[in-house]
Amino acid sequence: MKVLALFALASTAAAFAPAANKASSTQLAALDDMAGSTAPIKNFDPLGLSTLGSDETLAWFRAAELKNGRVAMLATTGYIVQAAGIHFPGMLSKDVSFESLSAMKPFDAWNAVPDGGKAQILGTIFIAELASETQGTHYMKGGETPTIVFPPVDFSGVSETTMKTKKDRELNNGRLAMIAIMSFIAANNVPGSVPALAGLDMF
């Protein structure tokens with residue numbers, strides 16, 4: 001979990017950043033026009049990760065940030081829903097009810113899920129990832145960045161200006177969600193590490 005959190009931070013810092021030197025390839029000149037380059041801190045890249053590699057490397061960083069952000073938004077929402085005690089009716093398995101899981105801390109609830117259930121979840125994630133990576137021209141070869149596999153969303157009728165705004169919002173919300181879920185993970189594993197969450201029952 002800690003490695004994934006550090007990777008998410010690196011992806012975020014790398015995906016939108018200023019040109020570090022003129023020798024860097026042409027992608028750096030277009031960073032200001034990339035989705036997610038917004039106020040108050042545009043092109044934030046203190047480690048200069050955006051200058052590594054080629055255009056394909058930058059495309060990979062951007063896709064990684066986008067996917068990490070989407071996962072983080074789902075994870076943050078799921079953590080809050082679980083912490084609020086909201087759950088599905090019925091049984092998850094023959095001996096584990098959704099109600100019993102809702103009484104646990106989110107990470108404890110995950111540990112209580114039967115191995116078969118975990119395998120189904122991870123298998124679904126693998127299939128979704130495979131589907132997003134095999135649709136049309138790959139993003140590292142000039143194709144579009146990964147889209148949402150399910151449910152499919154049709155943006156064909158959205159104007160370019162509106163689409164740019166939507167992409168900015170998605171990336172910025174994803175960045176905030178990455179910070180949020182990393183804070184939840186820290187508070188769960190290191191009591192008192194996040195003062196704003198100290199003393200709450202679900203951390």
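Visitor: Which residues form one aromatic cluster here?

Guide: That would be Tyr79, Phe107 and Phe184. Rings of Phe, Tyr and Trp (for Trp, the six-membered ring) pair if their centres lie within 6.5 Å; planes under 30 degrees apart are stacked, over 60 edge-to-face, and the rest tilted. The structure holds four aromatic pairs.

Visitor: Why is the pair of Tyr79 and Phe107 called edge-to-face?

Guide: The ring centres are 5.7 Å apart and the planes stand at 65°, so the pair is edge-to-face. Tyr79 sits in helix H2 and Phe107 in helix H4 (residues 106-112), so the pair ties together parts 28 residues apart in sequence. Helices here are DSSP runs of H or I with at least four residues, strands are E runs of at least two, and both are numbered from the N terminus.

Visitor: Before we go on, what kind of model is this?

Guide: This is a predicted model, where local features need pLDDT of at least 70 and side-chain atom pairs count only at pLDDT 80 or more, while totals for chains, interfaces and linings use all residues. Residues are numbered from 1 along each chain as its sequence is written, and side-chain values use heavy atoms, with hydrogens and water left out.

Visitor: Where is confidence lowest and where is it highest?

Guide: pLDDT is the predictor's confidence in each residue, from 0 to 100. It is lowest in helix H1 (residues 2-15), with a mean of 45, and highest in strand E2 (residues 96-97), at 92. The chain has a mean of 80, and 82% of its residues reach 70 or more.

Visitor: What makes Tyr79 count as buried?

Guide: Tyr79 has 4% relative accessibility, so it counts as buried. The cut-offs, with a 1.4 Å probe and protein chains only, are under 20% relative accessible area for buried, over 50% for exposed, and partly exposed in between.

Visitor: What makes up the largest nonpolar core?

Guide: Twelve residues, including Ala72, Tyr79, Ile181 and Phe203. A nonpolar core is a set of buried Ala, Val, Leu, Ile, Met, Phe, Trp, Tyr and Cys residues joined through side-chain atoms within 4.5 Å. Helix H2 (55-83) and H6 are the elements giving two or more residues to this core, and H6 gives the most, with seven.

Visitor: Why is the contact between Glu170 and Arg70 called a salt bridge?

Guide: A salt bridge needs a side-chain nitrogen of Lys or Arg within 4 Å of a carboxyl oxygen of Asp or Glu. For Glu170 and Arg70 the closest N and O atoms are 2.6 Å apart, so the pair qualifies. Glu170 is in helix H6 and Arg70 in helix H2, so the bridge ties together parts 100 residues apart in sequence. Glu170 is partly exposed, at a relative accessible area of 23%.

Visitor: How many salt bridges does the structure hold?

Guide: Six. One of them joins the side chains of Glu129 and Lys67, at 2.8 Å, N to O. Glu129 lies in helix H5 (residues 115-133) and Lys67 in helix H2, so this pair ties together parts 62 residues apart in sequence. Glu129 is partly exposed at 37%, whereas Lys67 is buried at 16%.
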